[in-house]
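Thank you all for coming. I would like to take a few minutes to walk through one structure, starting with its charged pairs and ending with its core.

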Amino acid sequence: MPGSTGINETDRLCRTSTRSPWVVAAALACLVLAGCAGESPPPPPPPPPPSVAPTPATYSAEICSAAAEFQTAANAIVTLDATAVGVDGVKKALQDLQTAASNLRTAAQEQLGPQGAELERAIASLRGTIAGLTSQDSLSTNLGKIAASVAGVEQAAKPIVDSVRTGCPSVPSAEAPPAS
């Protein structure tokens, strides 16, 4: 049996010698990784500068008054009972909103930019809606148009009123429609 042991011994030595390059490679990889782990990581980036809360802008009494007038007129429409006030009451509320929106546009003209043109178009649409109200029948048939015109004016004025509200405590909050 000495012959068979020799074969097994030779076989074992061959297997060991084929594994040894892998063992050497693995050991080298561990040494490289260990060397890298000893290096310190790069320093973290510097923290951002502390942010300072923006102070509310100071607005003129004219723009504060115009924004307060607009929000009051918009809130009056939200709580308006059209059946109680009739066509004349609805027209008056819409005219008040139109006047307040025009005054807001004039007072904020320097700050408006493209918002001014959008507000002017919304006011013109509201003006046309008001002109179409002549009777109780026209009021009920134009409810969708009235709502769309009012929403257009409020949407166009919202960014202006919201920005002014931060520096003008006299501007009331927007009221939500009553729950049905």
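D96 counts as partly exposed because its relative accessibility is 35%, where buried means under 20% relative accessible area, exposed means over 50%, and partly exposed is what lies in between, computed with a 1.4 Å probe on protein chains only. Please keep in mind that this is a predicted model, in which local features need pLDDT of at least 70 and side-chain atom pairs count only at pLDDT 80 or more, while totals for chains, interfaces and linings use all residues. Residues are numbered from 1 along each chain as its sequence is written, and side-chain values use heavy atoms, with hydrogens and water left out.

The side chain of D96 meets that of K92 in a salt bridge, at 3.1 Å from N to O; the term stands for a side-chain nitrogen of Lys or Arg within 4 Å of a carboxyl oxygen of Asp or Glu. About one helical turn separates D96 and K92, because they are four residues apart in helix α3; helices here are DSSP runs of H or I with at least four residues, numbered from the N terminus. K92, at 49% relative accessibility, is also partly exposed.

How many salt bridges does the structure hold? There are four. In one of them, E120 pairs with R105, with the closest N and O atoms 3.4 Å apart. Since E120 lies in helix α5 and R105 in helix α3, this pair ties together parts that are 15 residues apart in sequence. E120 is partly exposed at 32% relative accessibility, and R105 is partly exposed at 22%.

Salt bridges that share partners join K158, D162 and R165 into one network. K158 is also where helix α7, residues 143–165, has a kink of about 45 degrees, shortly before the proline P159; the bend at a residue is the angle between axes fitted to the seven residues ending there and the seven starting there.

The buried residues of α7 include V153, A157, I160, V161 and V164. In the largest nonpolar core, which has 37 residues, V153 and V164 are among those that touch the most other members, as is L104; such a core is a set of buried Ala, Val, Leu, Ile, Met, Phe, Trp, Tyr and Cys residues joined through side-chain atoms within 4.5 Å. The elements that give two or more residues to this core are α2, α3, α5 and α7. Leaving aside neighbours within four places in sequence, L104 is in contact, meaning heavy atoms within 4.5 Å, with A66, A67, F70, A157, I160 and V161.
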